[in-house]
Amino acid sequence: MHERYSRQIRFTKIGSAGQGMIRRKHVLLIGAGALGTSCAEMLVRAGIGKLTIIDRDYVEWSNLQRQQLYTETDAEDQLPKAVAAKARLSDLNREVKIDARIEETNTMTIEEQIQDADLIIDATDNFETRMLINDAAQKWKIPWIYGACTGSHGLTYTILPGDTPCLACLLGKIPSGSETCDTVGIISPAVQMVTAYQVAESFKILVEDFQAIRKQVIYFDLWNNQHTSLKVDNLKNPQCDSCCPEAAFPYLNHESSTKTAVLCGRDTVQIRPMPGMAIDMDALKQKLSQLTSNIRSNDYLLQVEIDDTRMVVFKDNRVLIHGTKDINKAKTLYNRYITG
Ligand SMILES: [Zn+2]
């Protein structure tokens with residue numbers, strides 16, 4: 001076995017056999033923000049076999065304070081996070097196969113995304129996607145690790161289908177809320193604490209040491225010096241529609257995640273393309289350049305600043321309208337400048 005993993009192999013709970021298992025496993029990371037970049041770096045350095053990263057966004061200056069894989073150049077170039085993360089991770093460990101995708105996780109994409117994954121790590125920022133992950137993980141019997149943080153506090157929990165209560169069983173019983181790092185801010189130690197738990201739990205799952213799994217919800221607040229483990233075994237709901245034997249997986253059939261939406265906690269509306277619609281990026285760039293010179297583009301997206309708004313069009317035809325939470329206003333701008 002390689003010298004590079006010698007200290008991890010010397011740790012007896014992993015050992016040579018465990019390292020071999022880590023090397024053969026595939027982890028799916030949903031989200032490449034603060035939690036995602038931290039988990040990705042640890043997993044890639046640890047020598048997992050394959051890492052798939054799904055992210056729909058691009059690097060902005062406000063990400064650099066805590067999203068550890070990204071550089072000032074990535075923000076200047078507005079690189080999609082999936083692309084920037086892959087470039088950095090490949091520099092860290094060329095032995096790991098990295099599949100980075102500029103995609104959303106929604107009802108239409110998730111079941112394809114999770115195929116072949118041995119483990120799913122939640123690095124998203126919203127409950128809609130988490131409930132979708134929860135249902136898909138239950139349906140396909142893949143362990144997943146929930147993680148969340150805002151301000152100075154964080155929360156994490158490991159879900160083993162067929163064993164632990166699922167997120168739907170717990171919802172309403174665990175601290176949650178509508179706070180996001182865009183509304184209440186965040187300090188990076190809160191991120192690192194959540195991902196330390198997420199990756200430690202990942203290693204246990206990858207080396208199949210299921211006895212060692214922490215079957216408790218962890219909640220901490222680093223500023224207010226709180227650290228709590230909540231026992232949740234007794235919260236498994238035998239009628240839970242996401243994890244009981246006759247589960248209907250309601251969130252996989254939920255329609256809202258395929259429509260226009262205000263992005264969680266942000267002054268941004270995302271408009272998804274209508275089925276069958278295709279935006280010709282070159283033609284759009286040419287059309288817009290007759291209206292303004294405030295256009296920038298790279299291989300993955302096109303940005304235009306016009307009417308006090310900034311719009312970003314991705315190659316998959318999703319459009320982000322920044323500077324508004326008003327869906328009708330966003331749709332008017334979209335119809336005027338993007339599809340009009
Ligand atoms: Zn459940």
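Which residue follows α10, and is its phi positive or negative? In this predicted model, α10 is followed by E208, whose phi is positive, near 60°. The helix itself comprises 19 residues and reaches 26 Å from its first C-alpha to its last, close to the 27 Å expected at 1.5 Å a residue. Its buried residues are A190, V191, V194, T195, Y197, Q198, V199, E201, S202, F203, I205 and L206. An α-helix has 3.6 residues a turn, so residues three or four places apart point the same way.

The largest nonpolar core contains 45 residues, and those with the most contacts inside it are V27, L29, L43, I48, L51, I53 and L89. Helix α10 (residues 188-206) gives the most to this core, contributing eight residues. A second, separate core of 31 residues includes L28, I54, Y146 and L170. In soluble globular proteins, nonpolar side chains tend to be buried together. Residue V27, listed among those with the most contacts in the largest core, touches L43, I48, K50, L51, T52, L119, I121 and L206, when residues up to four places away in sequence are not counted. One of these contacts, L206, is also among the buried residues of α10.

Helix α3 spans residues 34-46. Its 13 residues reach 19 Å from the first C-alpha to the last, close to the 18 Å expected at 1.5 Å a residue. This helix is largely enclosed by the rest of the structure, because 11 of its 13 residues are buried. The buried positions are A34, L35, G36, T37, S38, C39, A40, E41, L43, V44 and A46. Just after α3, G47 adopts a positive phi of about 85°.

The zinc site was examined next. The zinc ion is coordinated by the SG atoms of C166, C169, C240 and C243, at 2.2 to 2.3 Å. The arrangement is tetrahedral because the four donor atoms subtend angles of 98 to 119° around the ion. In sequence, the donor residues follow the spacing C-x2-C-x70-C-x2-C.

Strand β7 (residues 216-221) is mostly covered, five of its six residues being buried. Strand β6 (residues 153-159) runs antiparallel to β7 and is joined to β7 by four bridges; H153 has D221 of β7 as its bridge partner. Strand β8 (residues 226-231) pairs with β7 in the antiparallel sense over six bridges, with L230 of β8 as the bridge partner of V217. The hairpin of β7 and β8 has four residues between the strands, and within this hairpin N225 takes a positive phi near 55°. In a regular strand the side chains alternate between the two faces of the sheet.

An open sheet of six strands is arranged in the order β9-β10-β14-β13-β12-β11, with antiparallel pairing. Its edge strands are β9 (261-262) and β11 (295-297), each of which pairs on one side only. Within this sheet, strand β12 (residues 301-306) and strand β13 (residues 309-314) pair in the antiparallel sense over six bridges. Residue I306 stands opposite T309 in β13.

The loop between β12 and β13 holds D307 and D308. Most residues other than glycine have a negative phi, and most peptide bonds are trans. Although not a glycine, D307 has a positive phi of about 50°; D308, likewise not a glycine, has a positive phi of about 60°. As for accessibility, D307 is partly exposed, with a relative accessible area of 39%, whereas D308 is exposed, with a relative accessible area of 83%.

Conventions: Residues are numbered from 1 along each chain as its sequence is written. This is a predicted model: local features need pLDDT of at least 70, side-chain atom pairs count only at pLDDT 80 or more; totals for chains, interfaces and linings use all residues. Side-chain values use heavy atoms; hydrogens and water are left out. Donors are N, O and S atoms within 2.8 Å of the metal (3.2 Å for Na, K and Ca); water is not among the atoms, so sites may look incomplete. Four donors count as tetrahedral if all angles lie between 85 and 135 degrees; four count as square planar and six as octahedral if opposite donors are over 155 degrees apart and all others between 65 and 115; anything else is irregular. Helices (H or I, at least four residues) and strands (E, at least two) are DSSP runs, numbered from the N terminus. The expected span of a helix is 1.5 Å times one less than its number of residues. Buried means under 20% relative accessible area, exposed over 50%, partly exposed in between (1.4 Å probe, protein chains only). Two strands pair if DSSP finds at least two bridges between them. A nonpolar core is a set of buried Ala, Val, Leu, Ile, Met, Phe, Trp, Tyr and Cys residues joined through side-chain atoms within 4.5 Å. Contact means heavy atoms within 4.5 Å.
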